[in-house]
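Grab your viewer and have a go at a couple of exercises. Try each task before you read its solution.

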Amino acid sequence: MRRLAWFWLLPMTLCLVLADEGPAPHRHDLAPVWKGSLVQSWRYLASDDPAFADPMFSDGDLPVVVADGTAVAAPEGVVWFRRDVLLEGTLGETQFLGLYLEEQPVAYELYWNGRLLDQNGRVAASREEERPGTLLGYHAIPREASSPGRHLLAVRLSCHALPDLYRLPAVEIGTLNHFRGRQTDAYYLKLINLGIWFLAFALCVALFLGGRRHAAILWFTLFCMAVMGEIIGYLWLSFFPHPITHLPWKNAFYTWLPGINAFLLHVFFLSNFNIGERRRHLAIMVAVVGVSTGLGLPLSPFWYPLGLVIWQGTQRVPGAWPAALGLAGITLYFQGFGQVLSPSYSLVLILFLFCMTLSMSLQIQARERAHRQAEMRSARLETQLLKKNIQPHFLMNTLLSIISWIEDQPSRAIAMVRALADEFRIIDRISAEPLVPLAEELELCRAHLAIMGGRKDADYQLDVVCVGEEPAVPPLLLHTLIENALTHAFAPGESGTFSLHITEEARRCLVVLANGGSLLQQSDDVLGEEGVGLRYVRARLEESFPGGWSLVYGMEAARWVVRLSFPAGVRVPRSD
């Protein structure tokens, strides 16, 4: 399984080769001669006056505003912004000058040297007359109007449909080759990252379907799906035209989906390393992501999972340190750079997935090894338990009881023979199965109680209350617990009742077996040292529900009570 982690060396090498080839030809085959700059300071006119676009208009007494990306009060009507732009250098034969609005209003018009250059939507003084434009518009400036020297840029806009998202306009000036090249680079880098995540997704699906279907692999598969959905959503929102009114949905998508992805990754770590108190950890994670996202804090949502994984590493949990290395790399990258549109991010991503694959492989190895050990221990204890049940002493006493009843109580002798045959037949049928239906286990228990009741001249009853669907249980599980109680709780000739209560809560099966008995009050060491029976119960539970069970026993209100808990809804596999 560990070799699967090296699967990521091929895409990492490819990414290194691509990153070392230098810039793509379409971006730098012609060196930019126009100094791409961001226009943020403007002369501002809080009214609709078309003369404001005229280069001859005197604006010396108008206020200067600076666009810094923060939200401001939206204008009630149509407003204007203008400023002088100094162009330097000469355009190449295949180059065109262009404009790009980073903070787009609902509708706007661009004026260059007093002439309408382009418009996006329809600017209006009221919400009813305004028509929203589309997101991500590049606007070309005619070559004849792109000569070196001083030019006037003016923006006329309105923002009635989205007043809460209004920002002062920021216009980037550069060549269209630069704008389109940047967009193309972003598009292909996103596709590369999407391919990397798809490889991780396909590998996890293969591991899940071809193995024991570990929950941790399923959670990481869902995490990969969510990240792929985020990338596909980014491509759809960023490279296809959308109405500007979709901007709130776009912002919510970019704000909350990374937090959801971090939550899924956190669940994966909890499952992969079998960390306890999962609800508390999940609540803390949700609070951290919610607060940092809602307040816009520059805090990576991966810090808390990173702390948990490092703590697991200090506990020498298999696979914890590789996971900590990969998570630390991507956490520090986001905290320090936050750029996902660069080859360096792809390298960090491949390192992250390599470490996660290695971590899962080490965990699967450890669990498979523990499962094999549990199977061998269970088989050994089962052999000892069967020897105990069919030892000559047990058979001799049972047969002697039958002989003594044949002449005086033939019906009782016949019932004992049938009960003995039923018990051995059921044990032979179910002992090799990993799980059996509850009904078969109860049939075995009642047969054993009938035998022991006949031998000890007592009446033993088993009352069963099962709320919901009957669970599947390891064979001889309840039988072993009842046998222990018969040996240590009841005196010869003392009758008793076993109460079995089975419920399902939070997708877990809760089993409570209780009994009285006079010997319980006489013994000073009721708990004592666990014998073969209880060790067999633990081994069977670990074999059937690795790491997902609990066994608690002790005295409660003068009764011996055993409480079992294991996953509900597990099907009964049948061996051929």
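Predicted model: local features only at pLDDT ≥ 70, side-chain atom pairs only at ≥ 80, totals over all residues.

Residues are numbered from 1 along each chain as its sequence is written, and side-chain values use heavy atoms, leaving out hydrogens and water.

**Exercise 1.** Work out the strand order of the open six-stranded sheet.

*Solution.* Start with the terms: strands are DSSP runs of E with at least two residues, numbered from the N terminus, and two of them pair if DSSP finds at least two bridges between them. Reading across gives β3-β2-β4-β9-β6-β7, with antiparallel pairing. β3 (64–66) and β7 (115–120) have a single partner strand each, so one side of each lacks a neighbour in the sheet. Now zoom in: β4 (residues 79–87) and β9 (residues 149–158) are joined by nine bridges. Val 85 has His 151 of β9 as its bridge partner.

**Exercise 2.** Describe how helices α12 and α13 (DSSP runs of H or I, at least four residues) cross.

*Solution.* First the geometry: the axes, lines fitted to C-alpha atoms over the stretch in contact, come within 8 Å and cross at roughly 25 degrees for α12 (residues 438–455) and α13 (residues 477–489). The two helices are therefore roughly parallel (angles under 35 degrees). Next, the contacts (heavy atoms within 4.5 Å): Leu 438, Cys 445 and Met 452 are among the α12 residues that meet α13, whose own contact residues include Ile 482 and Leu 486.

Technical notes:
Axes fitted to C-alpha atoms, helices over the stretch in contact; angles between N-to-C directions. Parallel < 35°, antiparallel > 145°, perpendicular 65-115°, else oblique. Left-handed = near helix turned anticlockwise from the far one by under 90°.
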